[in-house]
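This briefing goes through one structure by topic. Look at the model first, then read the points below it.

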Amino acid sequence: MYLLIVFLPLLGFVYVSLFGRFIGPKGSSILTVNCLILSFLFSVCSFYEVALIGSNTYLKLAVWIDSESLNIDWGFLFDSLTVIMCCVVTFVSSLVHIYSTEYMAHDPHLARFMSYLSLFTFFMLILVTADNYVQMFVGWEGVGLCSYLLINFWFTRIQANKAAIKAMVVNRIGDFGLTLGILSIFINFKSVDYATIFALVPLFTGNQFNFLTLDFDIITTIGILLFVGAIGKSAQLGLHTWLPDAMEGPTPVSALIHAATMVTAGVFLLARSSPLYEYIPVVLDIITILGASTAFFAATVGLLQNDLKRVIAYSTCSQLGYMVFACGLSNYSVGVFHLVNHAFFKALLFLGAGSIIHAVADEQDMRKMGGLKRLVPFTYSVMVVGSLALIGFPFLTGFYSKDIILEAAYGNFTSKGHYSYLLGTFGAFLTAFYSTRLIYLTFLCKPNGFRTVICKAYDSSYQICFALGVLTIPSIFAGYYTKDMIIGLGTDFWGSSIFVLPENMNTIDSEFIKHIFKILPVMLSLLGVFTSFFVYTFSNATLFQLKISYIGKKFYNFFNKKWFFDKFYNEYLGQFLFNFGYTISYKTIDRGIFEIFGPMGLSNLISKKALHLKNFQTGYIYHYAFLILAASTLFLGLREFWFVFGNFVDYRIFLIFSIISFFLKQ
Amino acid sequence: MITSNINYVLNISVTLFLIGVLGLVLNRKNILIIIMSIELMLLSVNLNFLIFSIYLDDIIGQLFVLFILTIAATESAIGLAILTVYYKLKNTIQIEKIKNIKT
């Protein structure tokens, strides 16, 4: 049963990708959807067995690599962290599958699409169920690959190609860090198994290893390198640029990438490596500050985006920032709790956005929508639920996790805690603001789109509404019903899967912070909602005046252009690297040094020297006679005086002569 | 036996040989002189053989001298034959005019 959870999606992928053209789009849809639903049911069973009853499951399938001290097995580890991830991944993924069957119904490549989705789920499950870092890396790279395939699904569009390559390359930067992290783990711990490493971590605190004559603290280095991987995958500040561009793919793909899979892998890695991170407070500080900055940054950028999906993408980025700084403050369980809740309502938001886009003839610009409240009432209601959950409206899912994150941040009573509390609270205000803006511009304001489009807008039926409706339920109730189980005081839900040092625990402290700081995020969120609503309803003219004023324009540009991150990356980093690639590595090394010293240069040299040697043959007999005399004299002289020359001849001189000969002209 | 001044005698033969070599190399005029220089070199070698044959009291050196004499005679005969044929053909024996042996 445990293996079926992982391998059913693979079965769906293999069968549909090989025989998709024979069983047709409908057949492939039925097959993959059923595989995913079965997988979800098994996940629920395993959730019951592992998380609720508490019988962790270890499975060793086969030996993968067995070479001296390097032992890597295909093994699966099911503990609380894994099964909760499995449930979320398979749940959201099955709904996305069901949704796609209608959303992509008119696409000629539906079978390919479904097979990619299944492969994506499979790799994500491999990622969460692995019992060692290398197998986790298989899933890690696999989801990167599938994100490439899926973002690039409409491969005839140049924008989709560019976005997919960007996602792949930017992810690779993080993956490189992760690879280095795994390598340094192996070098120091001589193992890549979770169990072995985490048992050994306390022994390695303060130990150093030597690299290029510099001493590095072992676990600090490992922690930072693993976090670099998490930055790339979870789109934290610095490597976040791929995430908004990933919107080029079909909308269910965005839902899958942003909600349940892919971006959650970074947070999962942090939570999984909690026994490691607990012993490196420095890295935890870095994680906290970067996460909080991401939360704030993405919230400000989301404020002034005009693309429907891009707004939601930036809210993903922002929410991931919350999760990451929760992990940085040692509240891994809270981070994972927010991850789970976020998966539900973000999937809901994205699928709802897909439904809207479907309704208005693939128009993604919010400024060209409006007035859809009456036309797509069901989508409107689920989007409102999703948005309210996202802004942490009391008693919806998002409220429970977001509030506990911010409380824990304040209750940490350190400067990093206050920093993240401040940015997180302000980010909550901004989140509420732009979510309401999204709702307002899409549904509430007067219709701004083309008449032909607006007239034909209607709610999609069956599968789309089914997926949306099912997702609405956990978006409303999941937080309330699972809060005590997952992050309640003294809960034994996590078992040994998450480890927190006693001195880092602060869940109890956060219960005793001042009331005003507990209530502040919610109040600010509600304030954000009302501000946004009233500003957009009653003072559009003022807003427009503000926007076209000198300072307003600067602000608008700054936020609309994403703090000029892309501009900076493209114009300085990208240009610099391209220039480097062209002038240094291509022109100087490849065409320069390798051409001169390589085979081409050698053959040129020999033919050139041969031409020179040919000139010795003048045709005059006395020249030949002289040459014979000179050469025989030389040989005889060398033979006679070798005991004198032999001491002074340095072979390195000949090396220099031969190198010089490459550069001689004529 | 005269053993003390063999170097003195050898000097003569080596000098003769070098004169022959220089005549071979420095001469730019005449093929006839080349053949004469070669004869000179062979003679100096003969002299060398004879000196060592007497010095070492070994007959083999004199045998060699006889052989070399015959070889030198045939060689100069063939050389002169080539020379006359060449002269018939080109009407000159100047070395500077012989430059068609360039590859």
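Predicted model: local features only at pLDDT ≥ 70, side-chain atom pairs only at ≥ 80, totals over all residues.

Is A:Leu430 buried or exposed? A:Leu430 is buried, because its relative accessible area is 5% and buried means under 20%.

**Around A:Leu430**
- A:Leu430 sits in helix H17 of chain A, which covers residues 415-444.
- Neighbours within four places in sequence aside, A:Leu430 touches A:Phe296, A:Ala299, A:Thr300 and A:Leu303.
- A:Ser532 is 102 residues away from A:Leu430 along the chain, yet their C-alpha atoms are separated by 9.5 Å.

**Nonpolar cores**
- The largest nonpolar core contains 193 residues, and A:Val92, A:Tyr133, A:Trp242 and A:Tyr277 have the most contacts inside it.
- Helix H14 of chain A (residues 332-359) supplies the largest share of this core, with 18 residues.
- A:Tyr277 is in contact with several residues beyond its neighbours within four places in sequence, including A:Gly223, A:Phe227, A:Leu270, A:Ile287 and A:Tyr332.
- Another core lies apart from the largest one and has 8 residues, among them B:Ile31, B:Ile35, B:Ile95 and B:Ile98.

**Salt bridges**
- Over all chains, the structure holds 13 salt bridges.
- One of them joins A:Asp73 to A:Lys60, with 3.8 Å between the closest N and O atoms.
- A:Asp73 belongs to strand E2 (residues 70-78) of chain A and A:Lys60 to strand E1 (residues 57-67) of chain A, so this pair ties together parts 13 residues apart in sequence.
- A:Lys60 is partly exposed, at 48% relative accessible area.
- A:Lys416 and A:Asp285 form a salt bridge whose closest N and O atoms are 2.9 Å apart.
- This pair links distant parts of the chain, 131 residues apart: A:Lys416 is in helix H17 and A:Asp285 in helix H12 (residues 281-303), both of chain A.
- A:Lys416 is buried, with a relative accessible area of 16%, whereas A:Asp285 is partly exposed at 32%.
- In the salt bridge of A:Arg367 with A:Asp365, the closest N and O atoms are 3.0 Å apart.
- A:Arg367 is partly exposed at 46% relative accessible area, while A:Asp365 counts as buried at 17%.
- A network of salt bridges links A:Lys166, A:Asp245, A:Arg310 and A:Asp566.

**Interface of chain B and chain A**
- Contacts involve 12 residues of chain B and 10 residues of chain A.
- The two chains bury about 1100 Å² between them, and 69% of that is on carbon and sulfur atoms.
- The side of chain B that touches chain A has 6 nonpolar, 2 polar and 4 charged residues.
- Between chain B and chain A there are 0 salt bridges.

Conventions. Residues numbered from 1 in each chain as written. Chains lettered and ligands numbered in written order. Heavy atoms only, no water. Contact = heavy atoms within 4.5 Å. Buried area = accessible area lost by both parts, 1.4 Å probe. Salt bridge = Lys/Arg side-chain N within 4 Å of Asp/Glu carboxyl O. Nonpolar A, V, L, I, M, F, W, Y, C, P; charged D, E, K, R; others polar. Core = buried A, V, L, I, M, F, W, Y, C linked by side-chain atoms within 4.5 Å. Buried < 20%, exposed > 50% of the residue type's maximum accessible area, 1.4 Å probe, protein only. Helix = DSSP H or I, 4+ residues; strand = E, 2+ residues; numbered from the N terminus.
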